[in-house]
Structures are given as C-alpha cells and as structure tokens.
Amino acid sequence: MNIRQFISLIRVPSLTATFAPLLIGGAIASRACTFNLFLWVEMFFVALFMQIATNVFNEHGDYVHGIDKFASHGFAGLIVKGEATAKEVLIIAIMFDLAAVILAVPIVLARGFIVLFLGIIAFLVGVLYSEGPLPLSRTPFGEIIVGLTMGLIEVVSTVLVSSGCVTLMAYVLSVPVSLLVASILTAANTRDIDKDKWVGRKTLAVLLGKERASLLFYSMVIASYLWLPIASALTDDWMINVTFITVPVAVWGIKKLRSEGFLYGVEISSIIYILYSVVLTVSIIL
C-alpha cells in the first residue's frame, strides 16, 4: 500500500472530527485547574488513532457487509479495486486501535477509571459502527451516537484528562461540537442515500429522504450558531460570540450544497466544522 492509498484509506477530511473537540477541550482545560500539556498531547494521539481505526474499520465493514462493491466518492475502495485485501485493511485498523490503547495507559494511570470507562465507550462505538452482525451505520441512530461520542464525550474527556477536573463550560460547548460532527455524518449519508437504499441500509437520511435530510443538515449548522449566545450567557463569557465571524463560511457551504448537491458534503461540512472550532478555541483562550 502506497502513501496515496493510505491517505485515501484513513479519510483525512473526516479527521477534523478529532481535531476540533481536542482543540476546544484543551482550550477549556487551560482555564480550569492545572493544564497538563503532556496528557493533552497523549489524548490527542489516542483520539486521532481511534478515529483512523474507525475509518479503516468502516472501509472493511462496508466491504464485508456488501455495502461498497465499487470505488466511489468518500470511499477508498482499496479492497474492491484489488489494491489491498480485506484482511490487510482489518489489520491496519486493529494496529491503530492497539496503538491508541498503549498510548492511553499513562492517561488512565493519571486520571483513573472514569477516563477508562469513557475510552471503552468510544472504542466500542468505533468498532461496532461498521463491524458486527448489526453495524450502527446501518441504523438511524448514527448521528446521535457519533454526536455524543465525538462531541460530548471527547470534549469532556479532553478537559478531564488535561486538567483533572470538568467545568460547566465543557458541557455547554460540547453542544455545538456534537451538532457539527453529526452534521458531517448527515452530509455523508445524504450523499450516499441512493447507494444505501440499494443495499438496505436504514440511515436517518434514507428514512427522511434527500430533501428532509438536507434540511436536517442545514438545521444542525444553524443550531450550532444559535447556541453561541446561550453558551455565552451560561458561561458568562461574551468572547464566545466571536465565533459568529465564521458565519459567512457556513452560508457559503449551505448555498453550495443547495445548488450542487452533497457530493462534496463531507469536505464542505468539515471546513465549516474546523473553522468554527478553531475560532471558538481562540475565543476561549482569549
């Protein structure tokens, strides 16, 4: 497997789903108790490796379950193109999860079994999303599960790991993170509605149909901005509202998707998500 194939396999645009909660959680932690940079870096790589493993498991699981039979946008297709075997892809996924487990040992020793429990939940979601007799990706609950895991759990876990305590701000600001990370999945599922219908996949987008699934995506993005003044009031931090400067990017993304469809929905939703998160991170630090 060459570098190009590997980059395609790990689905780089979706890795913003890891960067964002770690940045926001680290910023919150820097204002609470004591900030441990070493543990934050450890947490960053643990979360990154678990996300990569999840993406690779998705490639393997979708092939094994007959969902992906040919290369398509958003799907590396290394197995169906004969560039890698299902076993090779599965081994890569397991290796990344093992690396995450090894890196997590110092974190668990430092912060205790609450972090271990949250980590186990994230691990199980990462594997069961695409693997097993009834993958979560075949159900209408993907957005809720992914939003809670990569939003609420990752932000709170990052704050807990990095500072040793959790503040109200961690819970409050996990809301827009959950909404936006779930919106990436909604964009992907809206793009794949026809293919998913064909293989009997019952994602939320399939059940809603393209028009209502699109409205759900737009609503998630809009809600993430409507939450800012509420978050500002709850945390008594008006600087959070600086994140509104990213609204033009969100508007551009929504207009582009409405006019051109969701073929590049994951890429556009990821751009909105990472810019929102970077500005929110800076606003927290300031």
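Modeller: The structure holds seven salt bridges, a salt bridge being a side-chain nitrogen of Lys or Arg within 4 Å of a carboxyl oxygen of Asp or Glu. The model is a predicted one, in which local features need pLDDT of at least 70 and side-chain atom pairs count only at pLDDT 80 or more, while totals for chains, interfaces and linings use all residues. Residues are numbered from 1 along each chain as its sequence is written, and side-chain values use heavy atoms, with hydrogens and water left out.

Colleague: What makes the pair Glu59 and Arg11 a salt bridge?

Modeller: The N to O distance between the side chains of Glu59 and Arg11 is 2.8 Å, and because the limit is 4 Å, the pair qualifies. This pair links distant parts of the chain, 48 residues apart, with Glu59 in helix 3 (residues 37-64) and Arg11 in the loop between helix 1 (3-10) and helix 2 (16-29). Helices here are DSSP runs of H or I with at least four residues, numbered from the N terminus. Both Glu59 and Arg11 are buried, a word that means under 20% relative accessible area, whereas exposed means over 50% and partly exposed lies in between, with a 1.4 Å probe and protein chains only.

Colleague: Which parts does the salt bridge between Lys210 and Asp194 tie together, and why is Lys210 called partly exposed?

Modeller: The side chains of Lys210 and Asp194 meet at 3.2 Å, N to O. Lys210 lies in helix 10 (residues 210-235) and Asp194 in helix 8 (residues 193-198), so the pair ties together parts that are 16 residues apart in sequence. Lys210 has a relative accessible area of 45%, and because this value falls between 20% and 50%, the residue is called partly exposed.

Colleague: Which residues are linked in a network of salt bridges?

Modeller: Asp62, Asp196 and Arg201 are linked in such a network.

Technical notes: Helices (H or I, at least four residues) and strands (E, at least two) are DSSP runs, numbered from the N terminus.
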